[in-house]
Amino acid sequence: MKLDTLFDNYDFLMDSPDSTVKMRKLILQVAVQGKLVEQNSTDEPASELLKRIKAEKEKLIAEGKIKKQKPLPPIAEDEIPYGLPQGWEWIRLDDVSSYIQRGKGPRYVDNSDFPVVSQKCIQWNGFQIEKARFIDPASLEKYAEERFLQTGDLLWNSTGTGTIGRLCVYNHGDNPYDKVVSDSHVTVVRPLIINSEYLFCFLASPVIQTGFEDRASGTTNQIELATSTVKNQVIPIAPLMEQHRIVAKVDQLMHLCDQLDACQKKAATKYESLNDAALEKLLSSKTIDEFANHWQFLCNNFDLIYNDPAHVNKLRQAILQLAVQGKLAPQDLNDEPASELLKRIKAEKEKLIAEGKIKKQKPLPSITENEIPYELPLGWEWVYLPDITAFENNAIKRGPFGSAIRKEYFVPDGYKVYEQRNAIYDDFTLGKYFINEKKFQEMKSFQVKPKDIIISCSGTIGKVAIAPENIKQGIINQALLKITLNEEAILNKYFKILFENFVMRSNILQDLKGTAMKNIASIKILKTLPLPIPTKDEQKRIVSKVDQLMHLCDELETRLNQSKKDSEMLMQAVLYEAFS
C-alpha cells in the first residue's frame, strides 16, 4: 500500500464526495486480503495458530467450561471469495470461537445495575452503553455465566432491515456496570486467541457487508441472521503477529479518515454559511437593479459559494420568492394596473349573474391589512383565488371522494382518470385508469380541460401542472385539485410560480387534515388566502425572467453534478493507486 499517495492527495480527497466512506471500505477490504501490511516469514503461520486454538478449545471442553459443538462441514471451494497470502488459512468462525449465541429475551425493569445490550447500542462508530435498557436482577439467576459479556466479544446485530449486520467489539472496561447481557436481537461471538479487532475488520468489510440484507433469511421487516449462519461463516485467518500489525495499520488509517471527515464537515459548514449569506443578500434586494447586482456577484463567485447540487434548489426557491414580490422583473408605468383589470372582470361577472348564466357566490370578506405579508409594487393588487378564476361554477374543484370512483368502474380504455403522479411529475401521459363515457358524463364537473391547473393535495402536496392543449379527456381523482383560471386576469405559468412559492410558503401547510396521508384541509383555505397579482404584462415579464434564471440554475446544477462525477472518478483512481 502506498500511504504517501493518500497524503499527497489529501486536499483532493477532502473535496471528493463520499471519499471517507469509500476509503474506510477499501481499507478493510485490502486488510483482510493481506494487502495492507507486509508478510513476515518469521511469523508463526496460521496453520500452527489454528492447532493451538483447537487444543485450547478441547481443553475448555474437557474442563466443562464450554460445550462441545457439532462438527462443521469442510469448506467448499465455492465458499472461498479470494486467494490468501502464504501463511494464511480459511476456517469457519465457530472453529475459532469458544461461544457463539444469540442473547435472550430479558424481563425489563425501569432501572437496575444490569444493562441489556440491544441493537441500538451497537453502532458503526462504536459501542454505546447509554442506549441500553435494564434487566430485572431476579431473572439473572436463569443466565449461565457464559451469557455475561466479556472484553473482546464481538456483538453482531442479527435482525431487522437497516440494523442487521452492524457490529462492534465489546470492551468491559468502557462501562461502569459489573454484569452486562445482550438481548435476543444480538449475536455474541467470543473468539479464542485470535485478535477480536482483526476479526471485526473482516466481518465489517465489504466482503461480508455488501448485499448482507439480501442474504439474510425472513421477511423484509423480520430478516434474521441465524446463529447457524454465523457459526458457519468462512473467515481468513492471518498469522497472529500479522493480525496485530493489520489492526494497528487499520487504526492509523481510520484515524486519517476521521481527520478527513472533520475537514469535510468544516468545509461543508463553510459552504453552507456562504450559500446562506449569498441567498440572504439576494432576497434582501429592494429593487430590480439590486437583484441584478447580487445575482452577478453570485455568478462571479459560484465556485466559492457552491459545491453541492442540492444547494441549487435553495437558489431556485429564492428566485421564485423574489418573483412574487415584484423584485425580479421591472415595472412599467404604461402597464394597465391590476386594479383596472379586476374592475372589468368584476363587472363582467355581475353581468353574467344578472343574465342567469352563472350563480351568485357568497361574497368573501375584504382583505385586511393584517393578512398582507408584504407591500406590493405599484400596479399590483392583493386578491382572493375566486377573483381570478373562470366564471364557471366548477372553476375550483377537489376530486371526488368515497365510492364515486371504484374499481368496477374502470375499463381498459376510455376517458382518463388523472392521478397525483400527473401533477407530481408534470406528465399527463402517466396513469392506467379509465372510465367509460356514461361514467364520464356523470362526473363531468371533475373534467380536466386544456390549460387547467391540477394540484396534488394528498401526501405529496403542492405540486402543480398545467394541462396541455392536447390533453386526453378525463377527470381528476380524489388526490387532485383542479383550478380553471380566468385567462384575462392571470397567466397559468405565473399562477404556477405563485402557488409553488407563495402559497406553499404560507400557513396553508399548518392546516392539514389526515394522519399518514396529509391533505389540504379544504378548498375554503385556498379561497381565503390573499394572492399578489401584478399587471398582465408584468406577469409575462416575470414568467420570462423566471424561465431564463431557472435555465441558468439547471446549467449550474449540471456543472456541479459533472464536477461531482469527475471527482468521484479521480478519487477512485487515487484510492486504487494508494491501495494497489
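On a 1 Å grid over the protein atoms alone, a pocket is an open set of points where a 1.4 Å probe fits, with protein on both sides within 12 Å along at least five of seven lines, and its lining residues have an atom within 4 Å of a point. Grid points are joined across faces, edges and corners, and a volume is the space filled by probe spheres set on the points.

The model is predicted, so local features need pLDDT of at least 70 and side-chain atom pairs count only at pLDDT 80 or more, while totals for chains, interfaces and linings use all residues. Residues are numbered from 1 along each chain as its sequence is written, and side-chain values use heavy atoms, with hydrogens and water left out.

**The second largest pocket**

Select Arg 24, Leu 28, Trp 124, Phe 200 and Met 254, which lie nearest the centre of the second largest pocket, among the 26 residues that line it. This pocket holds about 800 Å³ of space.

**The largest pocket**

Next, select Lys 349, Pro 363, Leu 364, Pro 386 and Asp 387, the closest to the centre of the largest pocket, whose volume is about 1100 Å³.

**Helix H12**

Move to residues 311–323, helix H12, whose end C-alpha atoms are 19 Å apart, in agreement with the 18 Å that its 13 residues should span at 1.5 Å a residue (the expected span is 1.5 Å times one less than the number of residues). Buried means under 20% relative accessible area, exposed over 50%, and partly exposed in between, with a 1.4 Å probe and protein chains only. Because 10 of the 13 residues of H12 are buried, the helix is largely enclosed by the rest of the structure; Leu 315 and Ile 319 are among the buried ones.

**Two cysteines**

Finally, select Cys 168, which counts as buried at 5% relative accessibility, and Cys 263, which counts as partly exposed at 28%. A search of the whole structure finds zero disulfides.

How values were computed
A disulfide is a pair of cysteine sulfur atoms within 2.5 Å. Helices (H or I, at least four residues) and strands (E, at least two) are DSSP runs, numbered from the N terminus.
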